[in-house]
Amino acid sequence: MATMREPMHGNERVAWSAPWLRDDRGWIFPLEDRARRDLLALARSLRDPDRPLFDWMPEEFDLGAALPVLRAAFAEARDGTGVALVRGLPREEVTAERFRALVWGIGLHFGVARPQGRMSEYLSAVRDEGTDYRSATGRGYSSNAGLDFHVDGCDVVALACWNVARAGGQSMFTSSVSAHNAMLAERPDLVDPLYEPFCYSRQGEQAPDEPPFLRCPIYGVADGRLFGRWNRNRVKSAQALPGVPKLTPLQWEALDMLDGLLRRPELMAEMWLAPGDLQLMNNHVVLHSRTPFEDHAEPERKRLLWRLWLATPDSPRLPPGWAEPFKSAEPGTVRGGIRGWHWDDACRAWERRQAAALGMTVPAG
């Protein structure tokens, strides 16, 4: 079991503090007028924006002057702080359908979208649908609850804002590397347990050939890089499943301390997403959360964000023990996601086609 026994170095931007991130601003990428005009023209030119997602081709989305800005944002998420915010996607000037198609088109340039739940959806609407986040089958993105700190099941998650809530719904995020380093400095005896495998519930969304839970450590090391993966809600849900070993008092103590560190003011950053914002997060080095929210009464004003889970062509090798949730630990592969109940031959064919366009490989199985 490889552990990172010294604070991580190399990419110093990844081990940020909240005050440092507020002052740095190098992770924020505003779209200038020409870039916005190019995206607006693109969105307005799309024929049949409601057509099936798999019918679109990357070459149908000429991002124009916005492309280098988006490339820089994805590079920051990959090699910098692990988080990037692109501001200024066209919002007021386009329909909701065209905005959704534009988000999908951006994703086609930067990765292979991954399915996100039992319905095997590749572009998810993040909105309150009345689900119970704490239930055995609950998901945070379809509730209005405050969420535990967690990662999503992919290399990079892209979240594009269409509407904001009447109140609440603030985005919160913390460097998992900084939290690890803080625990190493304060309670090194609690670090090693986090490198052991933990069981995570699949929340009833497993494919027919998958068990109801998976195993993965919270921290791991590969090629000198530190990786973090944590979701308290799923670990707690797994404790009720047959065959899952009960957590020890030492493990619970380590998990409780980790959650406390993630919310420390000096480590936790906050942002309010505005309509037209595109947030990118590297799930290997950043954990994120959200405050509860109260929505508008009018359906057309309700909080709505579009979420993409992406496997990226420039992804790193993952640590030992990460292959089970991702299906592959190899770099540059189509990995991650929740295949769900409707992952079929059409999904496989599209993933192969999109992977070929980006020079990626598709794992067997």
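Okay, let's start with helix 5, where Ser176, Val177, Ser178, Ala179, His180, Asn181, Ala182, Met183 and Leu184 are buried. Buried here means under 20% relative accessible area with a 1.4 Å probe, protein chains only, and helices (H or I, at least four residues) and strands (E, at least two) are DSSP runs numbered from the N terminus.

Quick caveat: this is a predicted model, where local features need pLDDT of at least 70, side-chain atom pairs count only at pLDDT 80 or more, and totals for chains, interfaces and linings use all residues. Residues are numbered from 1 along each chain as its sequence is written, and side-chain values use heavy atoms, with hydrogens and water left out.

Back to the helix. Nine of the eleven residues of helix 5 (176–186) are buried, so it is largely enclosed by the rest of the structure. What do the buried residues of helix 5 pack against? Strand 7, strand 10, strand 11, helix 7 and strand 14, with contact meaning heavy atoms within 4.5 Å.

Now the cores: sets of buried Ala, Val, Leu, Ile, Met, Phe, Trp, Tyr and Cys residues joined through side-chain atoms within 4.5 Å. The largest nonpolar core has 61 residues, and Phe173, Ile218 and Trp230 have the most contacts inside it. Helix 7 (residues 249–262) gives this core its largest share, six residues. Apart from that core lies another, of 53 residues, including Leu89 and Trp343.

As for Ile218, leaving aside neighbours within four places in sequence, its contacts include Phe198, Trp230, Leu255 and Trp322.

Note on methods:
Buried < 20%, exposed > 50% of the residue type's maximum accessible area, 1.4 Å probe, protein only.
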